[in-house]
Amino acid sequence: MTNHRQALVDVAGLTMRFGGLTALDKLDMQIMEGEILGLLGPNGSGKTTFFNVLTGLYKASSGTITYNGRNVIGQRPQEIYRSGVARTFQRSRLSLPLTVFDNIVIGDYQHMQHGLFFNLFRRRAFRAEYDAYVGKIEALLQIFSPPLVNRLFEPVETFSMIDRRRIEVCRALLSRPRLLLLDEPSAGMTHDETDALMEDILQVRGKLDNLSIVLIEHEMNVIERITDRCIVFNYGKKIAEGSYAEITADANVQTAYLGEAA
Ligand SMILES: Nc1ncnc2c1ncn2[C@@H]1O[C@H](COP(=O)(O)OP(=O)(O)OP(=O)(O)O)[C@@H](O)[C@H]1O
């Protein structure tokens with residue numbers, strides 16, 4: 001961990017309106033190279049909207065997100081993905097009857113030489129690309145979750161919840177992103193499963209050089225354990241920023257959470 005990190009992403013004046021609702025309100029923030037940044041805030045505070053704008057699913061009403069020296073606002077999701085931003089979703093996007101291999105490859109179809117359907121249905125003709133994918137996926141699973149390597153061609157529906165989550169994270173990592181966005185990876189898992197998944201994520205960060213991770217998470221023990229820094233949203237604004245200890249001691253953060261519970 002170095003103290004002189006560069007900003008990988010620079011967000012300035014980012015505003016996202018849905019009709020009369022302002023989901024992101026003149027947001028200024030940075031994501032630093034190699035950090036694990038926790039994104040916190042009450043329900044509806046704009047966290048997922050931020051991911052959706054950063055990955056090109058929504059076009060911001062105003063403001064900029066500078067990544068790789070370019071403003072991503074207005075770029076298509078595929079362009080942003082190809083430039084190294086990958087994500088997981090709050091709800092699983094796995095196709096349960098398909099194998100681990102197929103699910104992971106589908107996630108990367110934008111990088112494929114011959115397009116998704118060509119590859120899925122004409123595998124023999126494109127053996128070389130197929131073999132390269134098997135090799136890449138095995139290498140990734142070996143880093144992330146070695147027991148999954150031997151189950152590459154089993155359907156996802158036969159896997160536990162935590163393994164499914166691992167598969168989703170591997171799918172996001174296949175493109176070797178510089179920035180990985182994880183939307184509530186602990187959702188639906190037990191404490192033990194969550195602990196194990198977080199351990200895996202720390203392992204991955206240790207092995208994939210300079211990967212930045214932004215984690216939306218409600219489990220405070222997860223945030224405390226794996227983040228280097230946290231940012232707290234409330235009503236689409238950044239209300240606090242700092243270490244876990246700093247943000248949990250912050251009066252504005254306490255009010256935002258207590259206000260929600262009241
Ligand atoms: N596509 C949309 N159309 C209209 N309103 C939306 C849309 N997406 C999000 N919103 C609204 O924007 C606000 C922020 O939602 P968002 O999902 O970003 O919050 P969040 O912090 O991720 O919440 P949670 O922790 O519940 O996932 C909410 O009021 C939500 O209803």
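## Overview of the model

Of the 262 residues in the protein, 36% are buried, where a residue counts as buried if 20 or more other C-beta atoms lie within 10 Å of its own, as exposed if 12 or fewer do, and as partly exposed in between, with C-beta atoms placed from the backbone. This is a predicted model, in which local features need pLDDT of at least 70 and side-chain atom pairs count only at pLDDT 80 or more, while totals for chains, interfaces and linings use all residues. Residues are numbered from 1 along each chain as its sequence is written.

The protein holds 10 helices and 10 strands; these elements are DSSP runs, numbered from the N terminus, with helices (H or I) of at least four residues and strands (E) of at least two. Among contacts between residues at least 6 apart in sequence, 68% join residues at least 24 apart, and two residues are in contact if their C-beta atoms, placed from the backbone, lie within 7 Å.

## Confidence of the prediction

The predictor's confidence in each residue is called pLDDT and runs from 0 to 100. Its mean over the protein is 88, and 89% of the residues reach 70 or more. Among the elements, strand 4 (residues 62-67) has the highest mean pLDDT, 98, whereas helix 4 (residues 116-121) has the lowest, 58. Where pLDDT is low, the predicted coordinates should not be read in detail. For the complex, the predictor gives an ipTM of 0.95 and a pTM of 0.88.

Strand 7 is mostly covered, since 4 of its 5 residues are buried. At the other end of the order, strand 9 and strand 10 run antiparallel and are joined by 5 bridges, with V232 bridged to A240. These two strands form a hairpin with 2 residues between them, in which Y235 takes a positive phi near 50°.

A second open sheet has 4 strands in the order 2-1-4-5, with antiparallel pairing. Strand 2 and strand 5 (70-71) stand at its edges, and because each has a single partner strand, one side of each is left without a neighbour in the sheet. Strand 1 (residues 7-18) and strand 4 run antiparallel and are joined by 5 bridges, and in this pairing D10 stands opposite T66. Helix 1 packs on this sheet, touching strand 1, strand 2 and strand 4, and its direction makes about 70° with that of strand 2.

## The surroundings of the ligand

Which residues surround the ligand? They are F18, L21, A23, G41, N43, G44, S45, G46, K47, T48 and T49, where a residue is near a molecule if its C-beta atom, placed from the backbone, lies within 6 Å of it. Two or more residues of this shell come from each of strand 2 (21-32) and helix 1, and helix 1 gives the most, with 3 residues.

By type, the shell divides into 3 nonpolar, 7 polar and 1 charged residue. In this scheme Ala, Val, Leu, Ile, Met, Phe, Trp, Tyr, Cys and Pro count as nonpolar, Asp, Glu, Lys and Arg as charged, and the others, Gly among them, as polar.

## A residue in helix 6

D163 has its place in helix 6 (residues 161-173). This residue is partly exposed, because 18 other C-beta atoms lie within 10 Å. Although D163 and S145 are 18 residues apart in sequence, their C-alpha atoms are 8.6 Å apart in space.

Notes. Two strands pair if DSSP finds at least two bridges between them. Axes are lines fitted to C-alpha atoms, for helices over the stretch in contact, and angles run from 0 to 180 degrees between N-to-C directions.
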